[in-house]
Amino acid sequence: METIMLVNEKQQQETQEPNLIYVDEKTGIPLIGLIHIGVIDRGSNLLQIRTSTVCNMNCIFCSTDAGVYSKQHKKNFLVDPEYVTKYIKEMVQLKQCDNIEINVDSVGEPSAYPYLQRLLENMKTIPEVKTVSMQTNGTLVTKEKIQAWEQAGLRRLNWSLHSLDPEKAKYLFGNHAYNLTRVEEMLKEVINSKIELNLTPVYLPGINDEEMIKIIQLAKKLNCRLSIQKYETYKYSRKENDAERLSWFKFYRQLEEWEKQFSIKLKCGPHDFNITRTKKIPLVFRKGDIIYADIKAPGWFPKEMVAASQNRAITIVDAKGNVGDRVKVKILSAENSIYLAKQL
Ligand SMILES: C[S@@+](CC[C@H](N)C(=O)[O-])C[C@H]1O[C@@H](n2cnc3c(N)ncnc32)[C@H](O)[C@@H]1O
Ligand code: SF4
């Protein structure tokens, strides 16, 4: 819990805790170009906003290997709310779209961000932002926060609920402190607010099949949205070895079976959330470009460094330089406004 204490107590930022990197204007780290913090454009009217890498849970299947027991991530990042707002405005201008959805997302837990309320309030000042949504594991939600978020204009909560069995929920969240009773109380509070509830369980075949059925029944009872997610594994994600990896075909076939069995819509796509394709923002660098960049901070993964060039952040993999060095790099990939490079 050490890291959570860190972000919950503002004065700890001033203590120069070496494993927490506070990113503001002074750091010179641009907030477009990184996967773990900043603003991400994947070519739709939805922009992902990532303001902190911290998570209070340790899901056994976590795609980002978040939490205090993370094997990969020894550093956490926390972004200044005014600084990220500046980049959201820049991104919105580049998008030339007047129907933007801001999705407060994270490689950790968005509701653990200590300046969340400020960020939400800031979004109200951007006329092109028509919708604000947020992902959450739900464990830090309180009645007061729901009221405050509602007043700040939060439209939708995408709520990760993976089991309605208390012990299985603790197991899946990798944390004995996961309190299902409390989570269920807060779900009811959301239902009674203006914020739309979208339950987003991850289906791990062989592990939480029965739980999916209970969650379907709960969604029907609460009359809320339900977007069951397919369990995915990645090189650095945590894995539940006893869970079957389904193909997309088998996953959708299972959703269809449940749709028929429970008379509920489960197959949903971007159009169900008014997400439309838009032009991507122009790339500043292309794959193969050789450029000079200034190293500004350690990276999210060990051996990585975060560098800056032309108002874009670049992750240097297998970096050899130190903070303050100007290095020559080759762009390895430039996709979805995210830049990866290797040092030459
Ligand atoms: C990395 S989490 C961050 C947001 C928040 N901490 C949460 O869990 O909702 C983003 C989303 O990915 C889902 N997720 C995590 N690991 C996954 C995996 N291995 N496969 C599919 N979805 C996953 C989570 O349930 C959540 O909906
Ligand atoms: S899935 Fe979300 S709640 Fe679970 S460990 Fe990962 S970031 Fe945290």
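## A strand pair and its hairpin

Strand β12 and strand β13 (residues 305-309) pair in the antiparallel sense over 4 bridges. Strands here are DSSP runs of E with at least two residues, helices are runs of H or I with at least four, and both are numbered from the N terminus. Two strands pair if DSSP finds at least two bridges between them. A297 has V306 in β13 as its bridge partner. The hairpin of β12 and β13 has 6 residues between the strands, and K303 in this hairpin takes a positive phi near 75°.

This is a predicted model: local features need pLDDT of at least 70, side-chain atom pairs count only at pLDDT 80 or more, and totals for chains, interfaces and linings use all residues. Residues are numbered from 1 along each chain as its sequence is written, while chains are lettered from A and ligands numbered from 1 in the order in which they are written.

## Further strand pairs

Strand β12 (residues 290-298) also joins β15, through 5 bridges, and the two run antiparallel. Here Y292 stands opposite K328 in β15. Strand β15 (residues 326-335) in turn pairs with β16 in the antiparallel sense over 6 bridges. Y339 in β16 is the bridge partner of A334. The hairpin of β15 and β16 has 2 residues between the strands, and N336 takes a positive phi near 50°.

Strand β16 (residues 338-343) has another partner: 3 bridges join it to strand β14 (residues 312-317), and these two run parallel. V317 stands opposite K342 in β16. In a regular strand the side chains alternate between the two faces of the sheet.

The domain assignment gives domain 1 (2-273) and domain 2 (290-343). Such bounds come from an automatic or database domain assignment. The domain centres, taken over C-alpha atoms, are separated by 27 Å. Across the boundary, 20 residues of domain 1 are in contact with 17 residues of domain 2. Contact requires C-beta atoms, placed from the backbone, within 7 Å. On the side of domain 1 that touches domain 2, strand β2 (residues 38-41) gives the most, with 3 residues. That side divides into 8 nonpolar, 8 polar and 4 charged residues. Ala, Val, Leu, Ile, Met, Phe, Trp, Tyr, Cys and Pro count as nonpolar, Asp, Glu, Lys and Arg as charged, and the others, Gly among them, as polar.

## The nonpolar core

The largest nonpolar core has 85 residues, and those with the most contacts inside it include V39, L47, I88 and M91. Its largest share, 5 residues, comes from helix α3 (residues 81-95). The core draws at least three residues from each of domain 1 and domain 2. A nonpolar core is a set of buried Ala, Val, Leu, Ile, Met, Phe, Trp, Tyr and Cys residues joined through C-beta atoms within 7 Å. A residue is buried if 20 or more other C-beta atoms lie within 10 Å of its own, exposed if 12 or fewer, and partly exposed in between, with C-beta atoms placed from the backbone.

Leaving aside its neighbours within four places in sequence, M91 is in contact with I32, V39, D41, L47 and I281.

## An exposed loop residue

D272 sits in the loop between α9 (248-262) and β12. D272 is exposed because it has 12 other C-beta atoms within 10 Å.

## Around the ligands

Ligand 1 is surrounded by 18 residues, the closest being S63, E109, Q135, S160 and E232. To be near a ligand, a residue needs its C-beta atom, placed from the backbone, within 6 Å of it. The shell around ligand 1 has 6 nonpolar, 10 polar and 2 charged residues.

Around ligand 2, the residues include C55, C59, C62 and E109. This shell has 5 nonpolar, 5 polar and 1 charged residues.

Methods
Contact = placed C-beta atoms within 7 Å.
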